[in-house]
Amino acid sequence: MAPKTCALCKTTRAMLKRPKTGQQICKECFFYVFETEVHNTIIESKLFQRGDRVAIGASGGKDSTVLAYVMKTLNERYDYGLDLFLLSIDEGITGYRDDSLETVKRNQEQYDMPLKILSYDELYGWTMDAIVAEVGRKNNCTFCGVFRRQALDRGAAMLNVDHIVTGHNADDIAETVLMNIMRGDIARLGRCTLICTQGEDTIRRSKPFKYTYEKEIVMYAYFKKLDYFSTECIYSPDAYRGHARTFLKDLEAARPSAIIDIIHSGEAFEVSEEVKATQKLQQTCKRCGYMSSNELCKACTLLEGLERGMASSGITERARKRLEAEGPTPDNLRTIPFFKPPSGNPTVAIEVPS
């Protein structure tokens, strides 16, 4: 059988089959359509403005490494006029994050971008290794997710950036839609498919890979020979997201368009007024100043639970109310920096409970 020619350029031998469309195309055409689709997502969603300072959430994994490479490529090709930075969060996971950060440091040199690394230890006084030793592996992803989101906002404010971009891809977003449905968390459905959300104060957070399949990101990294770290987090195998991921992979095997179909379904969900009425208004955490829907933000609640030996129940509403009622004790107050965006003071030290 004669080799097939590329379905797009009609001249070069096809080297791969796109998981997203089923087209058989050559490498160069794949690179072009991959990058062009991301560019179209950025332009159609009006993610950036010329002169924006943009922090790329960099973990060293395939998604963030490809995102950094593509953002640099598109910024130069289409003259976006962006200042790009790499922002990494060190959760303190021995044998995983310390190794992946070495990849990020190499990416810093390869892509010629400034790099900022911020650790849980310096922000919260806890590493994920210490948290897992305290709480076990059942709820550790909850702690990490809450702390990581806040750490990214604080790191972005330190870099004085306008925007954070993350490597969340179409598979990740479809999984989140499924998780919210399976947990009955309907109120989150209106937000989880948004390509751009507002972070702390004026810092925006967006997902340029919203419609990009994970398999194609892997193929892009492989054929471009990008330097990335491929080991999964040692604490994540028991995460609830894994059930949604397995289900999604089964759906994709039967129907490749299932991923995009689920995202479009999530976008089409309209939250009723009754559900909206139960959502709490945003306010400011009374202890650390971070945005929160309660008097204490979730990070402060979790930290209080850790210090008071309530870690296993620290994520519950009852535990939060108890902590608010008791208030901070002299022994559990410490000072951590809270970094305001450029409109405010660059560094404000405040007293918060550990």
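# Buried rings, cysteines and helices

User: Are Tyr120 and Tyr124 buried or exposed?

Analyst: This is a predicted model, in which local features need pLDDT of at least 70 and side-chain atom pairs count only at pLDDT 80 or more, while totals for chains, interfaces and linings use all residues. Residues are numbered from 1 along each chain as its sequence is written, and side-chain values use heavy atoms, with hydrogens and water left out. A residue is called buried under 20% relative accessible area, exposed over 50% and partly exposed in between, with a 1.4 Å probe and protein chains only. By this rule, both Tyr120 and Tyr124 are buried.

User: How many aromatic pairs does a search of the whole structure find?

Analyst: Rings of Phe, Tyr and Trp (its six-membered ring) pair if their centres lie within 6.5 Å; planes under 30 degrees apart count as stacked, over 60 as edge-to-face and the rest as tilted. Applied to the whole structure, the number of aromatic pairs is 15.

User: Which kind of pair do the rings of Tyr120 and Tyr124 form?

Analyst: The ring centres of Tyr120 and Tyr124 are 5.7 Å apart. Their planes meet at 70 degrees, so the pair is edge-to-face.

User: Which kind of pair do the rings of Tyr222 and Phe223 form?

Analyst: The centres of the Tyr222 and Phe223 rings lie 5.1 Å apart. Because their planes are at 75 degrees, this pair is edge-to-face.

User: Why does Tyr222 count as exposed?

Analyst: A residue is exposed when its relative accessible area is over 50%. Tyr222 counts as exposed because its relative accessibility is 60%.

User: Which residue lies over the face of Phe31?

Analyst: Phe31 belongs to one aromatic cluster with Phe30, Phe34, Tyr69, Tyr111, Phe209 and Tyr220. A charge sits over a ring if NZ of Lys or CZ of Arg is within 6 Å of the ring centre and within 35 degrees of the ring normal. Over the face of Phe31, at 4.3 Å from the ring centre, lies Lys224.

User: How many disulfides does the count come to?

Analyst: A disulfide is a covalent bond between the sulfur atoms of two cysteines. Here the rule requires a pair of cysteine sulfur atoms within 2.5 Å. The count of disulfides is zero.

User: Which cysteine sulfur is nearest to that of Cys29?

Analyst: Cys29 is in no disulfide. At 15% relative accessibility, Cys29 counts as buried. The nearest cysteine sulfur is 3.5 Å away and belongs to Cys26.

User: In which sense do strand β4 and strand β5 pair?

Analyst: Helices (H or I, at least four residues) and strands (E, at least two) are DSSP runs, numbered from the N terminus, and two strands pair if DSSP finds at least two bridges between them. Strand β4 covers residues 83–90 and strand β5 residues 115–119. Ser88 stands opposite Ile117 in β5. Over five bridges, the sense of the pairing is parallel.

User: How many residues of helix α13 are buried?

Analyst: Helix α13 spans residues 298–307 and is mostly covered. Its buried residues include Ala299, Cys300 and Leu306.

User: What is the relative accessible area of Thr193?

Analyst: Thr193 is found in the loop between α8 (189–192) and β7 (196–198). With contact meaning heavy atoms within 4.5 Å, and residues up to four places away in sequence not counted, Thr193 touches Ile173, Val177, Lys210, Ile263, Gly266 and Glu267. Thr193 is buried, with a relative accessible area of 4%.
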